[in-house]
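This briefing is for a reader new to the structure shown below.

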Amino acid sequence: MTEDTAVETGGNASTPDIVIDGATVAKLARGVKLREDPVRGQTVLLAPERALALDDIAVAIVKALDGVKTLDIIAAEFSELFGAPKDDILADMIAFIREFSNRRMLEIAR
Amino acid sequence: MNMVVKAPVTRVRPSPPIAMLAELTHRCPLGCPYCSNPLELVKGSDELSTAEWIETFRQAAELGVLHLHLSGGEPAARRDLTELTKAAADLGLYTNLITSGIGLTEKRLNELAEAGLDHVQLSIQGSTDAMADRVGNYRGGYARKMAVAGWVAATGMPLTVNAVCHKQNMDQIGDMLDLAVQLGARRIEVATVQFHGWAERNRAALMPTREQVERTTALVEEARKRLEGVLVIDYVAADHHARYPKACMGGWGSSGLNVTPSGRVLPCHAAESIPSLHFESVRDASLSHIWYDSSAFNAYRGDDWMQEPCRSCDRKHIDHGGCRCQAMALAGDPAATDPVCVFSPHHAALAEQATRDAESLETDFVYRG
C-alpha cells in the first residue's frame, strides 16, 4: 500500500503558503536525492514514496539549488547559459519551486 | 457485441521494478487485528541471513529498483538492521524504514541515520494512548512511538506517519492529522484496513460505515488544502464501499516486488493467498529471472488473462481488474473481476456484507497471534 498506488496529493499552486520570488534561497530537503538511473537512462529525484524522472532543465534547476544562491542569481546564470530571457526563466523556476515545496521536497532557506 | 479476435500472444518485456518491499522478519511485538502478514508466518530460523539480504539488495539495485522499503513484521527485531541499511544505502538504494517504533532506541536511530537511512515511516494506531495501545495490543506502545518520532525529528530524517484506519479509530483521523503535524512529519498515509488475511477475522469490529468513509474523504480533502506545503496526505480509501476497485500495485508485476523473510518473491504482500501460484525464492533463482520470467510474475501481467466483464471493459487499463488476492478471497478465482467492482456478479453480496459488518456492534478484536 505504500507504493505509488496511493492517491497523489494534488499540488494546488494557487494558494501558496510561502512567498517564493527572486530573493528565495532553496535546497533539497533531507531525504530528497538526485540520482542517475542507469537502468532506465534517466535522472531521477527520489523522495519518500516518490520517484520523479526529471528532464534536463529540471535537473539543472535542482543542481543549482545549493541553499546559498538566490533564484535571481540562478536565473541570471541560466539566462546567459541558455540564451533565454531571465524573467521567463525566473517565472518558470518559481512555479517549479512552489510545486516541489508543496510536495515537501525542498527546504526554503529564505 | 464485437467478436473477440484473440491476438497472438506477444509478450512485451515488462518494465524494471521501481520498488522492493523487504519483509526482513515476521516477528513483531504488536498484535494488530488487521495484520497484513500472511496467516502462516515465517519462523525466525528460516529468515534470510545478513549476507543473503545484502545479495538480494545488490540484485535489486542492478535490476533497476530505486526505493527499498525495510519492513516486517517489525524490522527493528532484526539485530543486523543497521548493517542491512548501510549496505542498501551504499548500493544507491533509497532506504525507507517501515516501523512500529517498538525496538528502536535513540542510539539505534542515530546509528541508522549515520548508516544512510533516508526516510522513516512510523505507524500509529490512534491519536490517544488508550486507542492506540488497545488496537496494537501493546501497552506503552503509543508513548514509545511519540518518543521515536522525536528522535527521528532530531536526526533531520523525513518522517511519514502511517495511520491505518477502521471503524473504531476513524473518527480520530482529524486528530491523527494534527498529531502528524505536531510530530514534524512531512507526510501521512491514511490507509483504510484492507480486508485480507487476519483482518478477515475482525471484519465486524473493523469495517467502517459508509458515513464514516464519506466523512473521512471530505476531511482529507479539506486538510489537503489547509495543510498544503506542511503535510503531504496520501489516502487509501475503503474499497468495500467503492464502485470500482483499486488499481492494486498499479498492475500485477508492473512496478514493485515483495520479498518474504525466507526469500520468496511475490508481486504483492498477500499473493501467497493464491494457491495456484508457485513463488520462487532468492535462495534458488536470481531476482531478474523471477521478475521477468517466473510464472507467478507473468500470471496476471497485461490483459490476456482477463475474463468478462473485465476483458471488454473500458476501465481495464485503469484498474487492471482490481486486486487478484481479493478476487481469490471473495470470488474464489484469482482471475475474476475484483468483487469490489459494480460489474462483478459478487458485488451485491460484498456490499451487503460490508454494510452488515459496518453496522455490527462488535468491538472486541481477535489479536494477531
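At what angle do the axes of helix α3 and helix α5 of chain B cross? They cross at roughly 35° and come within 10 Å. This is a predicted model, in which local features need pLDDT of at least 70 and side-chain atom pairs count only at pLDDT 80 or more, while totals for chains, interfaces and linings use all residues; side-chain values use heavy atoms, with hydrogens and water left out. Residues are numbered from 1 along each chain as its sequence is written, and chains are lettered from A and ligands numbered from 1 in the order in which they are written.

**Helix packing in chain B**

- Two packed helices are described by the angle between their axes and the distance between the axes.
- The pair here is α3 (residues 106-115) and α5 (residues 141-155) of chain B; helices are DSSP runs of H or I with at least four residues, and strands are runs of E with at least two.
- Axes are lines fitted to C-alpha atoms, for helices over the stretch in contact, with angles from 0 to 180 degrees between N-to-C directions.
- The crossing of α3(B) and α5(B) is right-handed, that is, the near helix is turned clockwise from the far one by less than a right angle.
- On α3(B) the contact residues are B:E106, B:L109, B:N110 and B:A113, and on α5(B) they are B:V148, B:W151, B:V152 and B:T155 (contact means heavy atoms within 4.5 Å).

**Contact between chain A and chain B**

- Chain A gives 34 residues to the contact and chain B gives 47 residues.
- About 3,200 Å² is buried between the two chains, 53% of it on carbon and sulfur atoms; buried area is the accessible area (1.4 Å probe) lost when two parts are put together, summed over both.
- The interface holds two salt bridges, each a side-chain nitrogen of Lys or Arg within 4 Å of a carboxyl oxygen of Asp or Glu.
- A salt bridge links the side chains of A:R50 and B:D234, at 3.0 Å from N to O.
- Elements giving two or more residues to the chain A side are β2 (33-37), β3 (42-47), β4 (50-54) and α3 (86-102) of chain A.
- Over all chains, the salt bridges number 25.
- A:R50 is in strand β4 of chain A and B:D234 is in strand β7 (residues 232-236) of chain B, so this pair joins two chains.

**Backbone details**

- Most residues other than glycine have a negative phi, and most peptide bonds are trans.
- The bond from B:G72 to B:G73 is cis, with omega near 15°, and B:G73 sits in the loop between β2 (67-71) and α2 (81-90) of chain B.
- B:E308 and B:P309 are also joined by a cis peptide bond, with omega about 5°.
- A:R104 has a positive phi, near 60°.
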